[in-house]
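Welcome! Here is a short tour of one protein chain, written for someone meeting it for the first time. Please have a look at the sequence and the model, then read on.

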Amino acid sequence: MDDLSIKKCVPCNSKDLQPMTEQAASDLITKVDGWNLVSEGDALRLKKSWKVKTFTKGLELFKLIADVAEAEGHHPDLHLVGWNNVTVEIWTHAVGGLTENDFILAAKINALNMQHLLRRNATN
């Protein structure tokens with residue numbers, strides 16, 4: 001399978017775009033280190049959390065992720081809980097579940113240089 005981080009997200013407005021099966025998602029999850037498959041109601045999502053050094057470092061992390069998301073035209077749900085807990089959830093809202101776009105975005109987020117923002121041993 002190709003490296004997901006070099007792929008480009010495709011527009012989500014196609015009427016043919018369908019959410020992937022749990023089996024297909026389980027096959028792809030191994031390509032995005034640290035991300036988890038979670039079920040929210042009937043929809044699968046990707047989820048990953050980090051502990052950042054400070055509140056403002058959390059906002060910096062949001063900006064890094066936002067820049068990638070804007071470039072891909074695919075936008076995750078960003079959560080800053082407390083002052084240093086960042087959680088990102090990715091799913092394709094247009095289909096109510098996961099598509100390959102979600103895994104592409106997760107791979108691109110994984111490729112970001114964010115170590116200077118994180119606490120040591122901070123990835124959950």
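**A first look**

Strands β2 and β4 pair in the antiparallel sense, with six bridges between them. Two strands are called paired if DSSP finds at least two bridges between them. Please keep in mind that this is a predicted model: local features need pLDDT of at least 70, side-chain atom pairs count only at pLDDT 80 or more, and totals for chains, interfaces and linings use all residues. Residues are numbered from 1 along each chain as its sequence is written, and side-chain values use heavy atoms, with hydrogens and water left out.

**The chain as a whole**

- The protein chain has three helices and five strands, and its pattern along the sequence reads α-β-β-α-β-β-α-β.
- Helices (H or I, at least four residues) and strands (E, at least two) are DSSP runs, numbered from the N terminus.
- For 124 residues, a compact globule would have a radius of gyration near 14 Å, and the protein chain agrees with its 14 Å. That radius is taken over C-alpha atoms, and the globule rule is 2.2 Å times the number of residues to the power 0.38.
- Along its principal axes, the C-alpha trace spans about 45 × 30 × 25 Å.
- How much of the protein chain counts as buried? The share is 41% of the 124 residues, where buried means under 20% relative accessible area, exposed over 50%, and partly exposed in between (1.4 Å probe, protein chains only).
- Among contacts between residues at least 6 apart in sequence, 68% join residues at least 24 apart; a contact means heavy atoms within 4.5 Å.
- The accessible surface comes to about 6900 Å², and 50% of it belongs to carbon and sulfur atoms. Accessible areas come from the Shrake-Rupley method with a 1.4 Å probe; for residues, only the protein chains shown count as cover.
- The protein chain has 14 positive and 16 negative charges, and their mean positions are 9 Å apart. Lys and Arg count as positive and Asp and Glu as negative, while His and the chain ends are not counted; each charge is placed at NZ of Lys, CZ of Arg, CG of Asp or CD of Glu.

**Strands and hairpins**

- β1 and β2 are antiparallel partners over five bridges, and L37 has L46 in β2 as its bridge partner.
- These two strands form a hairpin with two residues between them, and G41 in the turn has a positive phi of about 65°.
- Strand β3 (residues 77–81) runs antiparallel to strand β4 (residues 85–90), and five bridges join them. D77 is partnered with E89 in β4.
- β3 and β4 also make a hairpin, here with three residues between them; G82 in its turn has a positive phi of about 65°.
- Which residues stand opposite V88 in β4? K48 is one of them, and L78 stands opposite V88 as well.
- The bridge partner of S49 in β4 is T87.

**What is covered**

- β2 is largely enclosed by the rest of the structure, because eight of its 10 residues are buried.
- β4 is mostly covered too, with five of its six residues buried.
- K48 sits in strand β2 and counts as buried because its relative accessibility is 8%. From K48 to L37 the C-alpha distance is 9.2 Å, and the two are 11 residues apart in sequence.
- Helix α3 (residues 100–110) is mostly covered, since nine of its 11 residues are buried. Among them are F103, I104 and L105.
- Those buried residues of α3 pack against α1 (22–28), β1 (36–40), β2 (43–52), α2 (55–72) and β4.

- T99 is in the loop between β4 and α3. With a relative accessible area of 5%, T99 is buried.
- T99 and A25 are 74 residues apart in sequence, with their C-alpha atoms 8.2 Å apart in space.
- Apart from neighbours within four places in sequence, T99 touches L17, Q18, M20 and T92.
- L64 belongs to helix α2. Is L64 buried or partly exposed? L64 is partly exposed, because its relative accessible area is 27%.
- Leaving out neighbours within four places in sequence, the contacts of L64 are L112, N113, M114 and L117.
- L64 and D33 are 31 residues apart along the chain, and 18 Å separates their C-alpha atoms.
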